[in-house]
Amino acid sequence: MSQSNEQPLLEARHVVKRYGSVEALGGADFTVRHGEVVSLIGDNGAGKSTMVKILSGAVQHDEGELLLDGAPIMPKSPVDVQRLGIETVYQDLAVAPELSAAANLFLGRELLKTGPTRVFGALDDKRMLREAVEHFTRLGVRLRDPRTAVANLSGGQRQSVAVARAAVWATKLIILDEPTAALGVEQTRRVLDLIRRVRDSGISVVLISHNMPDVLAVSDRIEVLRLGRRVAQFTSGNVRSDDLIAAMTGAQSFEDVR
């Protein structure tokens, strides 16, 4: 895990987002360090979804600033954020169920054959399959056959394919929105193992989750939003589930606990 005196990888400073008269974020802060899993938690209406949309480029904030490696960034779309080395996996996964797991890994970034056939946009299916097997093996994703359509995979396997795709293309950060929702115990364990592997490869991970055991199991740090502002920061290993719930609900005040 990175040290606190290092330059953060990504920062949101005093971010404000309004939807008409509703203020979803009222000066929120959020920090991601190099090589860590940091969880962003909060009760319903805390502003988590809005923060994720801003970090992923889906919406633009009204006030405040975003910094990547200390330099201000102003992404206007998810494509802008992807170009910065940041990938997002939303709860709906955005996988193509009729395509194979291997094809989904290269969805939108398909490899073309070289030589004369490149002019006709012929896909290099053999190369994509070969590289997909290498990526799945490296990340510990267990699939009986990567040529199997995603529609025929289990929920945990689909989630693993979506996370693996993000890990293949991200160079700095992956944002995961409720990655273990609706998964069984064993499927959840495998997804959490995959998150650790991603972190250990040098890519930071932002985890948004309502599942406190998952948050405590995989996070290096935890930041809490409440009513559109950051109200606490915790280092995993020094915090209990009760502390997190107390910070989320306002039952107890925590001033940037570290």
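**Ground rules.** I worked on a predicted model, where local features need pLDDT of at least 70 and side-chain atom pairs count only at pLDDT 80 or more, while totals for chains, interfaces and linings use all residues. Residues are numbered from 1 along each chain as its sequence is written, and side-chain values use heavy atoms, with hydrogens and water left out.

**Salt bridges.** I looked up salt bridges (a side-chain nitrogen of Lys or Arg within 4 Å of a carboxyl oxygen of Asp or Glu). The count is 20.

I began with glutamate 36 and arginine 221, whose side chains form a salt bridge at 2.9 Å, N to O. Glutamate 36 is in the loop between strand E2 (22-32) and strand E3 (37-41) and arginine 221 is in strand E9 (residues 221-226), so this pair ties together parts 185 residues apart in sequence. Helices (H or I, at least four residues) and strands (E, at least two) are DSSP runs numbered from the N terminus. For accessibility I used relative accessible area: buried is under 20%, exposed over 50%, partly exposed in between (1.4 Å probe, protein chains only). Glutamate 36 is buried at 0%, and arginine 221 is buried at 3%.

Next I took aspartate 80 and arginine 83, which meet in a salt bridge at 3.7 Å, N to O. Both lie in helix H2 (residues 78-83), three residues apart, about one turn of the helix. Aspartate 80 is partly exposed at 25%; arginine 83 is exposed at 67%.

I also checked arginine 240 and aspartate 243, a salt bridge at 3.4 Å, N to O. Arginine 240 is exposed at 54%, whereas aspartate 243 is buried at 16%. Elsewhere, salt bridges with shared partners join Glu186, Arg189, Arg190, Asp193 and Arg196 into one network.

**Pockets.** I used a 1 Å grid over the protein atoms alone, where a 1.4 Å probe fits; a pocket is an open set of points with protein on both sides within 12 Å along at least five of seven lines, and lining residues have an atom within 4 Å of a point. A volume is the space filled by probe spheres set on the points, which are joined across faces, edges and corners.

The largest pocket has a volume of about 340 Å³. It is lined by 18 residues, with Gln82, Glu87, Thr88, Ala94 and Arg165 closest to its centre. H2, strand E6 (86-89) and helix H5 (155-169) each give its lining at least two residues. I sorted the lining by class: Ala, Val, Leu, Ile, Met, Phe, Trp, Tyr, Cys and Pro are nonpolar, Asp, Glu, Lys and Arg charged, and the others, Gly among them, polar.

Of its 15 lining residues, Gly140, Val141, Arg142, Ser160 and Arg190 lie nearest the centre. H5 and helix H6 (185-200) are the elements that give two or more residues to this lining, and H6 has the largest share, seven residues. By class, this lining has four nonpolar, six polar and five charged residues.

**Aromatic rings.** I searched the whole structure for aromatic pairs (ring centres of Phe, Tyr or the six-membered ring of Trp within 6.5 Å; planes under 30 degrees apart are stacked, over 60 edge-to-face, the rest tilted) and found one. The rings of phenylalanine 106 and tryptophan 169 have centres 6.0 Å apart and planes at 80°, so the pair is edge-to-face. Phenylalanine 106 is buried at 1%, while tryptophan 169 is partly exposed at 26%.
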